[in-house]
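The sequence and structure come first.

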Amino acid sequence: MKRFPSMRLLAPFCVLALAGCSVLASGDRHPITIYAPQARVAVDASWPRVDWQLAVAKPAAARLVDSPRINVRPTPGELEVYRGATWSQPATDMLEDALLRGFEDSGRIGAVARIATGIRSDYKLAIDLRRFEADYAGNPRPAATIELNAKLIHSLDQRVVASRTFLVAEPAADTAVPSVATAFETALARTTTELIGWTLAAGQADWQAHPAP
């Protein structure tokens, strides 16, 4: 396997503290490159147009997953981070922002907002982000890997309408960090597109089966 610049996740708090110092220090020999994936959702013509409203809850994730550092898994039992590289925001924020933009730009739903806004929603989308990492999985090149579980919940009675686990692995063109970041952009777009389509279909099926009084 080719070597790549990485740091073991032995002390995540120290790693983050050092990263902050290196960005602010003058004449730093190891500048940090910030990557900001922009997920673009491709609207599927089969997606239903719905009349109900949706609230998106802040995705949940373990601390090591929800980090601005770019995680890489060279072997199944080892997790590291790329040296000199970081995301513009934590993984859960990237996913939440991509989902909201995707729903809004789809034109398939009248109202969607973060749950913290207090929107009077018919359904809410709860997400558990399990993986957001570059995974070699025994291959010469890593794959941008995103795994999450989503639950669509009826707001009135807290009934779980549907639940599904999504797993997307997008191979990087090579082992360089810019290629990995590009693969993550594609993986995030794929994940968001699949999740939006599933949410609209599952919610509409329940809406028709249980019409509002």
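The model is predicted, so to speak of local features a pLDDT of at least 70 is needed, side-chain atom pairs count only at pLDDT 80 or more, and totals for chains, interfaces and linings use all residues. Residues are numbered from 1 along each chain as its sequence is written, and side-chain values use heavy atoms, with hydrogens and water left out.

**Core**

The largest nonpolar core has 51 residues. Such a core is a set of buried Ala, Val, Leu, Ile, Met, Phe, Trp, Tyr and Cys residues joined through side-chain atoms within 4.5 Å. Buried means under 20% relative accessible area, exposed over 50%, and partly exposed in between, with a 1.4 Å probe and protein chains only. Leu54, Phe103, Leu125, Phe132, Leu195 and Trp198 have the most contacts inside this core. Helix α3 (residues 177-209) gives the most to the core, with 13 residues. Helices (H or I, at least four residues) and strands (E, at least two) are DSSP runs, numbered from the N terminus.

Leaving aside neighbours within four places in sequence, Leu125 is in contact (heavy atoms within 4.5 Å) with residues including Leu54, Phe103, Leu195 and Trp198.

**Aromatic rings**

There are six aromatic pairs in the structure. Rings of Phe, Tyr and Trp (its six-membered ring) pair if their centres lie within 6.5 Å; planes under 30 degrees apart count as stacked, over 60 as edge-to-face and the rest as tilted. Two of the pairs are set out here.

| Pair | Centre to centre | Angle between planes | Class |
|---|---|---|---|
| Phe132 and Phe184 | 5.0 Å | 25° | stacked |
| Phe166 and Trp198 | 5.7 Å | 80° | edge-to-face |

Phe132 lies in strand β8 (residues 123-135) and Phe184 in helix α3, so their pair ties together parts 52 residues apart in sequence. Phe132 is buried at 4% relative accessibility, and Phe184 is buried at 1%. The other tabulated pair also links distant parts of the chain, with Phe166 in strand β10 (residues 159-171) and Trp198 in helix α3, 32 residues apart. Phe166 and Trp198 are both buried. One aromatic cluster is formed by Trp52, Tyr123 and Trp207.

**Helix α2**

Helix α2 (residues 91-106) has 16 residues and reaches 22 Å from its first C-alpha to its last, close to the expected 22 Å. The expected span is 1.5 Å times one less than the number of residues. Twelve of the 16 residues in α2 are buried, among them Leu95, Leu99 and Phe103. Just after α2, Gly107 takes a positive phi of about 70°.
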